[in-house]
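Let's walk through this one together, with a few questions and plain answers.

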Amino acid sequence: MSDFEHVFEKPPEGAAADWTIPQNWRAYTEVEHQTWDTLYARQMNILPGRAADVFLRGLEALDLNTGGIPDFGLMNAKLQALTGWTVVCVPGLVPDEVFFDHLANRRFPSGQFIRKPDQLDSLQEPDIFHDVFGHVPMLTDPDFAAYMQAYGQGGQRAAGLGMLPNLARLYWYTVEFGLVQDPDGLRIYGAGIVSSATESVFALEDSSPNRLGFELERVMRTLYRIDDFQQVYFVIDSIEQLKRETLQDFGPIYQRQNGAEAIAIDAILPTDKVYTRGTQAYAGKGGRFAA
Ligand code: HBI
Ligand code: FE
């Protein structure tokens, strides 16, 4: 089901049955540690005033700025004490059912590799900066921690019901590209945005994309793109709202989703709460793969 390019068919050499591999922190080179520091510093120039308070507080709590790529052993001691989550290393994208099983057990699968210095912005697959800087700070929040575990449990059930595409859209428009209404304006909590220097600005300030109020079943029907800025961002009122919405029984929701038509990526429905009616000027520029 995954939208990413290559997903392994079976655990590669050296991986355990659950696809985890040792982080092997000592093997990282000086250049790789410097790449982490460069990416971290660049984001911290942009994110104050753009990232949600909950994200910035999580980043602070995990202390990921001690110089170089975080050692999972040290980071996990802090994370586990906060919400019971730990980060495990995987060789790359893992099959959906493996991914869901880890989430359902409060384990977040992170890539082990970091992008090359000459490809800071052209990331095809989630590297350790996307996964750890982007995703992990949110796991220090109890409501988000509960949401991600519920997502994993929901994924295991959805797989059997043919609902993975709907669930992947929910993940995409919250965990990866979600915005939240903070006291002083819209803020970023989605990992795909918060780990990107360019999209952190585009998502909040560009007039091209739509920004619409989050509505669970509407989001589950909305198509998305995987290789360029989003054409729509959904805004939640609070992280607690996400948790509340996913702790309900998805059975009836899956019933309704089954026959429902997908919603075009740039559509604005009469029922939508509209924060920004985008121009889609950016989207018009290039042909991109629609998922
Ligand atoms: N595997 N390692 C890894 N990381 C992901 O974010 C990931 C994955 N496999 C599948 C997947 N994401 C998406 O298809 C989810 O929507 C399930
Ligand atoms: Fe991600």
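Q: Which backbone atom lies 2.8 Å from a nitrogen atom of ligand 1?
A: This is a predicted model, where local features need pLDDT of at least 70, side-chain atom pairs count only at pLDDT 80 or more, and totals for chains, interfaces and linings use all residues. Residues are numbered from 1 along each chain as its sequence is written. The atom at 2.8 Å from the ligand 1 nitrogen is a backbone N or O of Val 94.

Q: How much of ligand 1's accessible area does the protein cover?
A: On its own, ligand 1 has 390 Å² of accessible area (Shrake-Rupley method, 1.4 Å probe).

Q: Which helix gives the most to the shell around ligand 1?
A: Both α4 (96-104) and α7 supply at least two residues of that shell; helices here are DSSP runs of H or I, at least four residues, numbered from the N terminus. The top giver, with three residues, is α4.

Q: How are the rings of Trp 172 and Tyr 224 arranged?
A: Rings of Phe, Tyr and Trp (its six-membered ring) pair if their centres lie within 6.5 Å, and planes under 30 degrees apart count as stacked, over 60 as edge-to-face and the rest as tilted. Trp 172 and Tyr 224 sit 4.5 Å centre to centre with 20 degrees between the planes, so the pair counts as stacked.

Q: How far apart in sequence are the parts that this pair ties together?
A: Trp 172 lies in helix α7 (residues 164-176), while Tyr 224 is in the loop between α10 (216-220) and β6 (232-236). The pair therefore ties together parts separated in sequence by 52 residues.

Methods. Chains lettered and ligands numbered in written order. Heavy atoms only, no water. Polar contact = N/O pair within 3.5 Å; in protein donor to acceptor, adjacent residues only side chain to side chain.
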